[in-house]
Amino acid sequence: MSQPIAVDCIFEADGRIQIRRIKLDDHWLSVQQGRQWTDEQGHHTLVIISGHEAQEILLSPTTMQWQILPLRRTPPIVC
């Protein structure tokens, strides 16, 4: 099950998104950003919150809302 979140980010001219921080439980948390990819669900980004495992966040193209997804152990391979 996914959880809606607020995201502070920058949309780059080349289409990449730089995630600066996310808001969980009414607290803004800085993140380190990992890989990102786009598929039929939307724009996925892996982030690491200090002291936690990597998390996958998703920007839905239909709603333009961010959500944090349940952690998958293996991200999809994009060629």
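**Paired strands and a buried valine**

A: Happy to! Keep in mind that this is a predicted model. Let's begin at the turn between strand 2 and strand 3. These two strands form a hairpin with two residues between them, and Asp-25, in that turn, has a positive phi of about 50°. Strand 3 covers residues 27-39, and it pairs with strand 2 in the antiparallel sense over four bridges. To find your place along this pairing, look for Arg-21, which stands opposite Ser-30 in strand 3.

Now turn to the other partner of strand 2. Strand 1 (residues 3-11) and strand 2 (residues 17-24) are also antiparallel, and six bridges join them. Ile-10 has Gln-18 in strand 2 as its bridge partner. Five residues lie between strand 1 and strand 2 in this hairpin, and Gly-15 in the turn has a positive phi of about 95°.

Next, find Val-47 in strand 4, which spans residues 42-49. Is Val-47 buried or exposed? Its relative accessibility is 0%, and buried means under 20%, so Val-47 counts as buried.

What is Val-47 in contact with, leaving aside its neighbours within four places in sequence? Its contacts include Ile-19, Val-31, Gln-32 and Gln-33. Glu-53, Ala-54, Gln-55 and Ile-57 are also in contact with Val-47.

How values were computed. Residues are numbered from 1 along each chain as its sequence is written. This is a predicted model: local features need pLDDT of at least 70, side-chain atom pairs count only at pLDDT 80 or more; totals for chains, interfaces and linings use all residues. Side-chain values use heavy atoms; hydrogens and water are left out. Two strands pair if DSSP finds at least two bridges between them. Buried means under 20% relative accessible area, exposed over 50%, partly exposed in between (1.4 Å probe, protein chains only). Contact means heavy atoms within 4.5 Å.
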